[in-house]
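User: Please take one part of this protein and look at it closely, in a single connected account. State the cut-offs for each term you use.

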Amino acid sequence: ALTVIVRGDGDRSGTVDTYDYVLARRVYFATFSPSPEQLLALALTNGTSVTTYDYILIRRHFFGTVDLNKV
């Protein structure tokens, strides 16, 4: 079986929305332990952990100032 991972989509809803922004913040501040699939979706720069840059990119994508598909 294949699993499709959408960059920035931690809740796997198909779009990057408010919940993904909050989820990235929670993972970044270690108040939530993500599943392996969630971590892959949220760890944009290195694929292993959510960095400051990942959190900022997801936040900026949510507010419409960055397109994650072009980063």
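Analyst: A residue is buried if its relative accessible area is under 20%, exposed if over 50%, and partly exposed in between (1.4 Å probe, protein chains only). By that rule, 30% of the 71 residues of the protein count as buried.

This is a predicted model, in which local features need pLDDT of at least 70 and side-chain atom pairs count only at pLDDT 80 or more, while totals for chains, interfaces and linings use all residues. Residues are numbered from 1 along each chain as its sequence is written, and side-chain values use heavy atoms, with hydrogens and water left out.

The confidence score, pLDDT, is the predictor's confidence in each residue, from 0 to 100. Its mean over the protein is 92, and 100% of the residues reach 70 or more. Among the elements, α2 has the highest confidence, with a mean of 94, and α3 the lowest, with a mean of 91.

The protein has 3 helices and 0 strands, where helices (H or I, at least four residues) and strands (E, at least two) are DSSP runs numbered from the N terminus. The order from the N terminus is α-α-α. The C-alpha trace spans about 35 × 25 × 20 Å along its principal axes. The radius of gyration of the protein is 11 Å, which agrees with the value near 11 Å that a compact globule of 71 residues would have; that radius is taken over C-alpha atoms, and the globule rule is 2.2 Å times the number of residues to the power 0.38. Taking a contact as heavy atoms within 4.5 Å, and counting contacts with a separation of 6 or more, residues 24 or more positions apart account for 41%.

Now α1 itself. Its buried residues are Asp20, Tyr21, Leu23, Ala24 and Val27. These lie on the same side of α1, because they cover an arc of only 165° around the axis; the arc is that of the directions from the helix axis to the C-beta atoms. In general, an α-helix has 3.6 residues a turn, so residues three or four places apart point the same way. The cover over the buried residues of α1 includes α2 (36-42) and α3.

Alanine 24 belongs to helix α1 and is buried at a relative accessible area of 0%. Leaving aside residues up to four places away in sequence, alanine 24 touches Leu42, Val50, Tyr55 and Ile58. Its C-alpha atom is separated by 8.7 Å from that of alanine 43, which is 19 residues apart from it along the chain.

With 15% relative accessibility, glutamine 38 counts as buried.

The whole structure holds 7 aromatic pairs; rings of Phe, Tyr and Trp (its six-membered ring) pair if their centres lie within 6.5 Å, with planes under 30 degrees apart counted as stacked, over 60 as edge-to-face and the rest as tilted. One of the pairs is tyrosine 21 with phenylalanine 62, stacked at 5.8 Å centre to centre and 5° between the planes. Since tyrosine 21 lies in helix α1 (residues 18-28) and phenylalanine 62 in helix α3 (residues 52-62), this pair ties together parts that are 41 residues apart in sequence. Tyrosine 21 is buried at 15% relative accessibility, whereas phenylalanine 62 is partly exposed at 30%.

Tyrosine 28 and phenylalanine 29 form an edge-to-face pair, because their planes stand at 80°, with ring centres 4.8 Å apart. Tyrosine 28 is partly exposed at 30% relative accessibility, and phenylalanine 29 is exposed at 51%. Both residues belong to one aromatic cluster made of Tyr21, Tyr28, Phe29, Tyr55, Phe62 and Phe63.
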